[in-house]
Amino acid sequence: MTYNFDPDKWYDNELFIIQSRLKTGKIKQDEYDEAVEILDKKLEQMWKRLDGSYLINNKN
């Protein structure tokens, strides 16, 4: 099994959606600012969980 999740790509995709909603008038600037702040926090939390520590058991 491979795990190819890219947090930066996820962030870019989510930010694009938020920006699109602002450009089309579905949200206002203050809602946009709040959504980006929440998104930034989610990305920060995600990077904290993805610490890069991987262990492979060679005894199998």
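1. H1 is followed by Gly-25, a residue whose phi is positive, near 80°. The model under discussion is a predicted one, and the points below should be read with that in mind.

2. Helix H1 itself runs over residues 7-23, which gives it 17 residues. From its first C-alpha to its last it reaches 24 Å, close to the 24 Å expected at 1.5 Å a residue. At its N-terminal end H1 is capped by Asp-6, a side-chain oxygen of which lies 3.0 Å from the backbone nitrogen of Asp-8.

3. Which residues of H1 are buried? They are Pro-7, Tyr-11, Leu-15 and Ile-18. These residues cover an arc of only 60° around the axis, which puts them on the same side of H1. The face of H1 turned away from the buried side carries Phe-16 and Lys-23, both of them exposed.

4. Against what do the buried residues of H1 pack? Their partner is helix H2, residues 29-49. The axes of H1 and H2 come within 10 Å and cross at roughly 170°. Because angles over 145 degrees count as roughly antiparallel, this crossing makes H1 roughly antiparallel to H2.

5. The contacts between the two helices can be listed by residue. On the H1 side they involve Pro-7, Asp-8, Trp-10, Tyr-11, Glu-14, Leu-15, Ile-18, Gln-19 and Leu-22, and on the H2 side they include Gln-29, Tyr-32, Ala-35, Val-36 and Leu-39 as well as Asp-40, Lys-42, Leu-43, Met-46 and Trp-47.

6. Asp-33 counts as partly exposed because its relative accessibility is 41%. Asp-33 and Leu-22 are eleven residues apart in sequence, and their C-alpha atoms are 9.9 Å apart in space.

7. Although Lys-42 and Pro-7 are 35 residues apart in sequence, the separation in space is 9.9 Å, C-alpha to C-alpha.

Terms used: Residues numbered from 1 in each chain as written. Predicted model: local features only at pLDDT ≥ 70, side-chain atom pairs only at ≥ 80, totals over all residues. Heavy atoms only, no water. Helix = DSSP H or I, 4+ residues; strand = E, 2+ residues; numbered from the N terminus. Expected span 1.5 Å × (residues − 1). Buried < 20%, exposed > 50% of the residue type's maximum accessible area, 1.4 Å probe, protein only. Arc of directions from axis to C-beta. Contact = heavy atoms within 4.5 Å. Polar contact = N/O pair within 3.5 Å; in protein donor to acceptor, adjacent residues only side chain to side chain. Axes fitted to C-alpha atoms, helices over the stretch in contact; angles between N-to-C directions. Parallel < 35°, antiparallel > 145°, perpendicular 65-115°, else oblique.
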